[in-house]
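Trainee: I have a new structure on my screen. Could you show me how to read it, feature by feature?

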Amino acid sequence: MARVELAPEVLDDFERFSDHMARFEAKDAPARIDEIVQAIQILTHSPLIGWPVKGSRRELVIGRGSPGYIALYCFVVSIDTVFVLAIRSRRESGYESDT
């Protein structure tokens, strides 16, 4: 089972999400962030599940539609560790809404 490590910048991403949700009076910000963290745990069992992007990086799609998120990560086989590098909302990433 692979280990998952979050880059320090991911905490900044979570803070940005919380600030954004607070501006729009979303009451479920902590629950939304918890859902993201739980979704990332799939990488412990399936570290290659994400869509390949540049180099050895991959993207994991979390959720559906505009409230969804994209986790950028890389899997280092030699140490069996997934490094989550950044998380962006689908809107931030330029994805069209599918709802």
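Trainee: Let us begin with charge. Which residues form a negative surface patch?

Mentor: This is a predicted model, so keep that in mind throughout. A patch takes residues with over 30% relative accessible area and no salt bridge. Here Glu9, Asp12, Glu15 and Asp19 make up a negative one.

Trainee: Where is aspartate 19 found?

Mentor: Look at helix H1, which spans residues 8-23. Aspartate 19 belongs to that helix.

Trainee: Why does aspartate 19 count as partly exposed?

Mentor: Buried means under 20% relative accessible area, and exposed means over 50%. Aspartate 19 has 44% relative accessibility, so it counts as partly exposed.

Trainee: What share of the protein's residues count as buried?

Mentor: The figure is 36% of the 99 residues. Now take strand E4, residues 69-76. This strand is mostly covered, with seven of its eight residues buried.

Trainee: Now the overall fold. How many helices and strands does the protein have?

Mentor: Count two helices and five strands. Read from the N terminus, the elements go β-α-α-β-β-β-β.

Trainee: In what order do the strands lie in the sheet?

Mentor: The order is E1-E5-E4-E3-E2. The sheet is open, and its pairing is mixed. Its edge strands are E1 (3-6) and E2 (51-52), each pairing on one side only.

Trainee: How do I read the pairing around E4?

Mentor: Take one neighbour at a time. Strand E3, residues 57-62, pairs with E4 in the antiparallel sense over six bridges. Strand E5, residues 81-89, also runs antiparallel to E4, and eight bridges join the two.

Trainee: Which residue in E4 is the bridge partner of valine 61?

Mentor: That is isoleucine 70. Follow isoleucine 70 across to E5, and its bridge partner there is arginine 88. Another pair to find is tyrosine 69, which stands opposite serine 89 in E5.

Trainee: And the side chains along a strand, where do they point?

Mentor: In a regular strand they alternate between the two faces of the sheet.

Trainee: How many residues lie between E4 and E5 in their hairpin?

Mentor: There are four residues between them. Check aspartate 80 in that turn: its phi is positive, at about 50 degrees.

Conventions: Residues are numbered from 1 along each chain as its sequence is written. This is a predicted model: local features need pLDDT of at least 70, side-chain atom pairs count only at pLDDT 80 or more; totals for chains, interfaces and linings use all residues. Side-chain values use heavy atoms; hydrogens and water are left out. Patches are made of residues with over 30% relative accessible area and no salt bridge: like charges are joined within 9 Å, nonpolar side chains (Val, Leu, Ile, Met, Phe, Trp, Tyr) within 5 Å. Accessible areas come from the Shrake-Rupley method with a 1.4 Å probe; for residues, only the protein chains shown count as cover. A salt bridge is a side-chain nitrogen of Lys or Arg within 4 Å of a carboxyl oxygen of Asp or Glu. Lys and Arg count as positive and Asp and Glu as negative; His and the chain ends are not counted. The place of a charge is taken as NZ of Lys, CZ of Arg, CG of Asp or CD of Glu. Buried means under 20% relative accessible area, exposed over 50%, partly exposed in between (1.4 Å probe, protein chains only). Two strands pair if DSSP finds at least two bridges between them.
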